[in-house]
Amino acid sequence: QVQMVESGGDSVQAGGSLRLSCAASGRAYDIFYWAWFRQVPGKEREGVATIYTSNGNTLYADSVKGRFTISQDNAKKMLYLQMNSLKPEDTAMYYCAADRLWTYGDWSEPAEWKSWGQGTQVTVST
C-alpha cells in the first residue's frame, strides 16, 4: 500500500504564504494522479487541486485559482501545494491524496481516491 505524509502546515497572517508537502512511500512507484483536499469541522471535504503526472495537467477549485499552485516531483514521489495570498477562509486541515480509483470519474469526490495522508493544519488569522 501507499503511505502518505503531509507537512508544512502552520499558523500565518492573512496575505501570507505557505508551502505544503506530501511524501509518498510504499507502493508509490507509479502514481499518475495526486490531489489536495481540505476540510473544516462539520463541513464536507473539499477538493483543492489535482495534477496528472504524465503531462502536468492541473485543475483547481475556483476558490483558490490564481493563489495556489500544485506541483509534483515524480522521481521523489513528492507533492507540493504553494499557497499565496492566504485568506482566513483557507483555514482547514489539508490532506493529500493519490491513486485514482475512478469510482465516479470526478477528482473532487473523496471516494475517488485510494490513499490519504493524515492531514496538516493550516490556520490563517486576520
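This short talk walks through some side chains, a pocket and the salt bridges of one model.

First, the ground rules. This is a predicted model, where local features need pLDDT of at least 70, side-chain atom pairs count only at pLDDT 80 or more, and totals for chains, interfaces and linings use all residues. Residues are numbered from 1 along each chain as its sequence is written, and side-chain values use heavy atoms, with hydrogens and water left out.

Let's start with Glu6. It sits in strand E1, residues 2–7. Strands (E, at least two residues) and helices (H or I, at least four) are DSSP runs, numbered from the N terminus. Is Glu6 buried or exposed? Glu6 is buried, yet it has no salt bridge. Buried means under 20% relative accessible area, exposed means over 50%, and partly exposed lies in between, with a 1.4 Å probe and protein chains only. A salt bridge needs a side-chain nitrogen of Lys or Arg within 4 Å of a carboxyl oxygen of Asp or Glu. For Glu6, the nearest side chain of opposite charge is Arg45, and that is 7.6 Å away. On charges, Lys and Arg count as positive, Asp and Glu as negative, while His and the chain ends are not counted.

What does the side chain of Glu6 have beside it? A polar atom of that side chain lies 2.9 Å from the backbone nitrogen of Gln118. The backbone nitrogen of Gly119 lies 2.8 Å from a polar atom of the Glu6 side chain. Glu6 also has contacts beyond its neighbours within four places in sequence, including Cys22, Trp36, Cys96 and Thr120. Contact here means heavy atoms within 4.5 Å.

That brings us to Thr120. Its place is in strand E11, residues 120–125. Why does Thr120 count as buried? Because its relative accessible area is 9%. A polar atom of the Thr120 side chain lies 3.0 Å from the backbone nitrogen of Gly9. Leaving aside neighbours within four places, Thr120 is in contact with several residues, among them Glu6, Gly9, Leu20 and Tyr94.

Rolling a probe the size of a water molecule over the atoms shows where empty space is left. The largest pocket holds about 200 Å³ of space. It has 13 lining residues, and the closest to its centre are Val2, Arg27, Asp30, Ile31 and Asp99. A pocket, on a 1 Å grid over the protein atoms alone, is an open set of points with protein on both sides within 12 Å along at least five of seven lines; a lining residue has an atom within 4 Å of a point. Strand E9 (92–100) and strand E10 (113–116) each supply at least two residues of that lining.

Asp99 lies in strand E9. Most residues other than glycine have a negative phi. Phi of Asp99 is positive, near 75°. Asp99 counts as buried because its relative accessible area is 18%. Lys77 also has a positive phi, about 55°, although it is not a glycine. You'll find Lys77 in the loop between strand E7 (68–73) and strand E8 (78–83). With a relative accessible area of 12%, Lys77 is buried.

Now a quick stop at Ser108. It is in the loop between E9 and E10. At 28% relative accessibility, Ser108 is partly exposed. Its side chain makes a polar contact of 2.8 Å with the side chain of Asp106. Not counting residues up to four places away, Ser108 touches Phe37 and Gly47.

Last topic: salt bridges. Side chains of opposite charge can pair when their charged atoms come close. How many salt bridges does the rule give? Five. One joins Lys65 and Asp62, with the closest N and O atoms 2.9 Å apart. Lys65 is partly exposed at 48%, and Asp62 is exposed at 63%.

Another joins Arg67 and Asp90, with the closest N and O atoms 2.8 Å apart. This pair links distant parts of the chain, 23 residues apart. Arg67 and Asp90 are both buried.

Then there is Glu112 with Arg100, at 3.0 Å between the closest N and O atoms. Glu112 is in the loop between E9 and E10, Arg100 is in strand E9, and 12 residues separate them. Glu112 is buried, at 0% relative accessible area. Arg100 is buried too, at 15%. Finally, salt bridges that share partners join Arg38, Glu46, Arg67 and Asp90 into one network.

Note on methods:
A polar contact is a pair of N or O atoms within 3.5 Å; within protein, one must be able to donate a hydrogen and the other to accept it, and residues adjacent in sequence count only if both atoms are side-chain atoms. On a 1 Å grid over the protein atoms alone, a cavity is a set of points where a 1.4 Å probe fits but cannot get out, and a pocket is an open set with protein on both sides within 12 Å along at least five of seven lines; lining residues have an atom within 4 Å of a point. Grid points are joined across faces, edges and corners, and a volume is the space filled by probe spheres set on the points.
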